[in-house]
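Visitor: I'm new to this one. Could you walk me through how to read it?
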Amino acid sequence: MSDVIVIGHKAPDTDTVCSAIVYAAIKGYKAATPGELNEETAWVLNYFKVPAPPLLQNAAGKKLVLVDHNEPAQVVDGADQAEIIEIVDHHKMNFVCNTPIYVHVEPVGSTATVLAKKYADWVKNNPTYAGLLLSAVLSDTVIFKSPTTTDEDKKVAADLAKIAGISDIQAFGIDIKKAKASIKGKPIADVIHVDFKDFDFGGKKVGIGQTELIDINECYDRAGEISSYLNELKAGKGYAMVVFIGTDIIKEGSELYFAGDAAVMEKAFGKKPEGASMWLDGVMSRKKQVAPPLEKAFTS
Ligand SMILES: [Mn+2]
């Protein structure tokens, strides 16, 4: 048995967890997760009767394959004392290594898409894993509504659905999204941290959380609570800015709540925030529509 561990990013999502499980199965490696699974991912694994990977919160001394991330701030703790042998991802590269390693990055909607393309023959004979990859594509592309979606994601999803025996891709996508598309009754810290990523924008620490909702009013009802938590987080953890993206997957837009300099937000998004937030029509992707303009506003 190989001692290589395939692991996704902190605050794991469906793409990162399913990609780790499938890639580990393909290669005969072990999968692990650096954090607890969110409700959506737990729903998907339960649907396909696949056990959750074991928790690995410190990877010092291990041999790792990173899937679905390469940003140092998103890598499992202890990775600086681990051996990273490979990266499979669909994010921009911000990773420096001092030895040559395998890197496979494509500009597609999910890491699952990268795997489904490269290992199509293997996946064909493994319907359960095809189902996991399909779930990951649908999750990361927000059922193809996110601007990160490519034609390859749609093509791959159609093939995977056939293999997995899922007849209605849209309906299955909504079932997946429903599993975590409400913040009612949840502590606001949990809501903000369930999908939260740290970035380094020109030496400034910026944190961006996101949640997808069927109804954005659930955020409006708790706007005060959201703002005070973001301010607390910014002050307590040395952030230059903390942003929380509440994405309405039906309206196809997001309310951006922030703690930090309103002028930076205005510079990034070309719109004056009203108080501590602003609505941005058509914005659904942190990776493509929120992080890049913010980075530019901080560095130019
Ligand atoms: Mn992903």
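Guide: Let's start in a loop. This is a predicted model, and in it Ala11 sits in the loop between strand 1 (4-7) and helix 1.

Visitor: What is the phi of Ala11 near?

Guide: Near 50°, a positive value in a residue other than glycine. Glu252 is a further case, with phi near 60°; look for Glu252 in the loop between strand 8 (241-248) and strand 9 (253-259).

Visitor: Why is Ala11 called partly exposed?

Guide: You count neighbours: a residue with 20 or more other C-beta atoms within 10 Å is buried, and one with 12 or fewer is exposed. Ala11 has 19 such atoms, so Ala11 is partly exposed. Glu252 has 14 within 10 Å, so Glu252 is partly exposed as well.

Visitor: Which residues of helix 2 are buried?

Guide: In helix 2 (residues 39-47), they are Glu40, Thr41, Val44 and Leu45. Look down the axis of helix 2 and these buried residues fall within an arc of 130°, so they line one face of the helix. Their cover includes helix 1 (14-27), helix 5 and helix 7 (169-178).

Visitor: And how do I read two helices that pack together?

Guide: Packed helices are described by the angle between their axes and the distance between the axes. Here, helix 1 and helix 2 pack at about 40°, with axes 9 Å apart. On the helix 1 side you'll find Thr14, Val17 and Cys18, which meet Glu40, Thr41 and Val44 of helix 2. By class, the residues of this contact are three nonpolar, two polar and one charged.

Visitor: How many residues does the largest nonpolar core have?

Guide: It has 48, and Val6 and Leu133 have the most contacts inside it. Helix 5 (residues 127-140) gives the largest share of this core, eight residues. Setting aside neighbours within four places in sequence, Leu133 touches Cys18, Val22, Ala112, Leu115, Ala116, Val123 and Leu160. There is also a second, separate core of 35 residues, with Ile226, Leu230, Leu233 and Ala268 among them.

Visitor: What domains does the assignment give?

Guide: Domain 1 (4-178) and domain 2 (188-299). Their C-alpha centres lie 24 Å apart. Across the boundary, 13 residues of domain 1 are in contact with 16 residues of domain 2. The domain 1 side of that contact has four nonpolar, five polar and four charged residues.

Definitions and conventions. Residues numbered from 1 in each chain as written. Predicted model: local features only at pLDDT ≥ 70, side-chain atom pairs only at ≥ 80, totals over all residues. Core = buried A, V, L, I, M, F, W, Y, C linked by C-beta atoms within 7 Å. Helix = DSSP H or I, 4+ residues; strand = E, 2+ residues; numbered from the N terminus. Contact = placed C-beta atoms within 7 Å. Domains from an automatic or database assignment. Nonpolar A, V, L, I, M, F, W, Y, C, P; charged D, E, K, R; others polar. Arc of directions from axis to C-beta. Axes fitted to C-alpha atoms, helices over the stretch in contact; angles between N-to-C directions.
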